[in-house]
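Dear colleague,

Please find the structure below, handed over for your own work.

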Amino acid sequence: MSISCSELTKIYEGGKSGWPALRGVSFDIKMGEFVAVTGPSGCGKSTLLNIIGLLDEPSGGRYALNGRDIFTLSDLERSDTRRDEIGFIFQSFNLLNRLSALENVSLPLMYAGADSAEMRERATALLRKVGLHGKEKKIPLELSGGERQRVAIARALANSPKLILADEPTGNLDSASSKDIMQMLVDLNAEGITVIMVTHDKELAARAGRNLRMRDGRLEQ
Amino acid sequence: MKSLLNAVRTGLTEIWAHKTRSALSFLAIAAGSVVFIDAFSAIFATYERIEKQKEVSGMARVKISQNYSQTYSSPDDYVPPPVLKYDDVLSLREKLPGFYMVSPEGRDWRNVLEYGEHRLTTSVMGVTPEWTKRDFIYTLKGRFLDWHDVENKLRVCVLVKKAAPPPGNLFNKSMLKKYNFTGGFDMLVAHYDLLGKTVNIDGFTFTVIGILEELPYSKRPGTITGSSQEYKVLAPVTTLIHYNFIGQQSLDLNIDTGSEQNFDESIRKINNFLKIRFGDGDFFIVENQLEVIRERIAASIKSALVTISLGMLAFLAGGIGIMNVTLATVFARTREIGIRRAIGASRRDIMLQFIVEAVMLGLIGGVLGSALGYLWGVPVKVMLGMGGSPIKPWMPLVSVLIAALTAFAFAIYPAWVAAGLKPADALRAE
């Protein structure tokens, strides 16, 4: 999964001329890298991650994902790319609280058109992989923060993505859980998955292969 | 297909998870269903009644009666107007042979009927066998008057036995009590089997050769001509003339020309006949009942349209209810939409999810409403004395279908709103 961005800008609507979140960001990420994006609140980290993950569109600049210009992708192609090639991990987990751990992990498989036996088998295996064997039936509210984030990781891995995007994945966790989650990301990266992680935490950032520091919508070099 | 199944599963989960909201949506659409089924069955009943009435009364009807409102320029001009006699009826029959029915009626009032120790007033109507051809809403015991009776002026009669008033009809009961409709003659016929017996009418003995039992109200279409004649004792018109019951009074003449196509032509012929026989002057009213019947049918159709539009409005209200609920759902679940989009749901998936959920609300509401509509239409209405609605098995099916379609139509906009949310924006929602 290679990512190539040049002069990315993002201007949020509002006010007279809008509010610029990205003011020209250029970087390349090669397949298999572990990149940490750091910087103070409001510097545009999350916006950048949303754009990389095709959840948002840049206002200007160029962004090629695996060599494909994302401006040429239809909405359906973006959805399919998110489903098949990208896994998201959020600070607040973003699990569906009415669904069990197993059902949450099954969702991406459902959208990929898997049948229910396939879904159950794969989701069970993924939950076992993240250490939640026996907790398949629990709903998120019955799980600890660390466990919820593991469910989220299992969900992110459902369709074997090549890119994991983690937005402050340890932001809501205690230090022990944080360590676990970080170790998982490192292990996933070792399996060849490209990981991009937004974080405040300098210690965590230090474990990444490469750091991108942001300030006021720009990269600090 | 698979995504549809998944959407159904998700929808059921959501409906179950929000029981109050779902119940309210069911009720909104169910209310529509109830009104719709009621309206539909009412329309169907009207349609069936009209068809039956057409069959029973015929369409191409004419009624000839004496014109009582002659105008004279001065009292000296007054000459007794001509009357329609039985000879005239026979002549018309002969001159205009194609008509399906030519039925004269001559009524006498305040006749005294005696049977055993019973003595009561009634009203005798002189008719011919033609009388049975139209507006015949009876079952006959014994036999009806035949031409032999008429030609020989026999003193035979047929008595009419009234049907019991519709059950549970409070209004009718009180009316009956107040006006004592069931008293006297009706009671006598109801309680004694007079077939074959001899009764005495105004001093003349008549043999009862037949009893006409009115069909029960539920099976009677009513007469489309709007005739509200009360028939009690029917006897040959010639007999009543001969024994001076109706003497030289003018007969009424009910005609069925037999064909709507040549109706105007028939009316012209009838007018011509009257003119030749009685001369100029509006001595008789030739009532074009086809026009009246058509007006009645048109009025029925109009009221049916009003009723069905009420049913449709009810569905519209239900649909708006569903739209409101679905929109509220979309806003309440914006974050969820963002999550689903992030993990790969396409716009189509999101749209399908909300539409399927709404359609299921509509379907379940429709089924509920059909059940309630049936309960309202049959047992409850009967209990209230309104008479059950003739609900056909396909009406609830149509109603459920329309409920689902309404839900579908009204879910499109909210679902489109949901599908149009940008994933990043949706994820930021609280």
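In what sense do strand β3 (residues 34–38) of chain A and strand β9 (residues 210–215) of chain A pair, and over how many bridges? The pairing of β3(A) with β9(A) is parallel and runs over four bridges. Within it, A:Val37 stands opposite A:Leu212 of β9(A). Strands here, like helices, are DSSP runs numbered from the N terminus (E, at least two residues, for strands; H or I, at least four, for helices), and two strands pair if DSSP finds at least two bridges between them.

Before the remaining findings, please note the conventions. The model is predicted, with local features requiring pLDDT of at least 70 and side-chain atom pairs counting only at pLDDT 80 or more, whereas totals for chains, interfaces and linings use all residues. Residues are numbered from 1 along each chain as its sequence is written, and chains are lettered from A and ligands numbered from 1 in the order in which they are written.

Sheets of chain A

The pair described above belongs to an open sheet of six strands with mixed pairing, in the order β6-β7-β8-β3-β9-β10. Its edge strands are β6 and β10 (218–220) of chain A, each of which pairs on one side only. On average, neighbouring strands of this sheet are turned by 25° against each other, direction ignored. Axes are lines fitted to C-alpha atoms, for helices over the stretch in contact, and angles run from 0 to 180 degrees between N-to-C directions.

Strand β7 (residues 163–167) of chain A has five of its five residues buried, so it is largely enclosed by the rest of the structure. Buried here means that 20 or more other C-beta atoms lie within 10 Å of the residue's own; exposed means 12 or fewer, and partly exposed lies in between, with C-beta atoms placed from the backbone. A:Leu163, A:Leu165 and A:Asp167 point one way from β7(A), while A:Ile164 and A:Ala166 point the other way. In a regular strand the side chains alternate between the two faces of the sheet.

β7(A) pairs in the parallel sense with strand β6 (residues 86–90) of chain A over five bridges, and A:Ala166 is the bridge partner of A:Ile89. Five bridges also join β7(A) to strand β8 (residues 194–198) of chain A, again running parallel; there, A:Leu165 has A:Ile196 as its bridge partner. Together with helix α6 (residues 175–190) of chain A, β7(A) and β8(A) make a right-handed β-α-β unit. The crossover is called right-handed if, with the strands pointing away from the viewer, the path from the first strand over the helix to the second runs clockwise. Helix α5 (residues 145–156) of chain A lies across β6 and β7 of chain A, at about 165° to β6(A).

Chain A also holds an open sheet of four strands in the order β2-β1-β4-β5, with antiparallel pairing. Its edge strands are β2 (19–29) and β5 (68–69) of chain A. Strand β1 (residues 3–12) of chain A is joined to strand β4 (residues 60–65) of chain A by five bridges, and A:Ser4 stands opposite A:Ala64 in β4(A).

Contact between the chains

Chain A gives 19 residues to the contact and chain B gives 17, where two residues are in contact if their C-beta atoms, placed from the backbone, lie within 7 Å. On the side of chain A that touches chain B, the largest share, five residues, comes from α2(A). The residues of that side divide into nine nonpolar, four polar and six charged. Ala, Val, Leu, Ile, Met, Phe, Trp, Tyr, Cys and Pro count as nonpolar, Asp, Glu, Lys and Arg as charged, and the others, Gly among them, as polar.

Chain B

The axes of helix α9 (residues 289–332) of chain B and helix α12 (residues 394–420) of chain B come within 8 Å and cross at roughly 30°. Their contact comprises 15 nonpolar, four polar and no charged residues. α9(B) also packs against helix α11 (residues 347–383) of chain B at an angle of about 140°, with the axes 11 Å apart.

B:Arg110 is found in strand β2 (residues 101–115) of chain B and is exposed, with 9 other C-beta atoms within 10 Å. B:Asp135 sits in the loop between β3 (118–127) and β4 (138–142) of chain B and is buried, with 24 other C-beta atoms within 10 Å.

Yours sincerely
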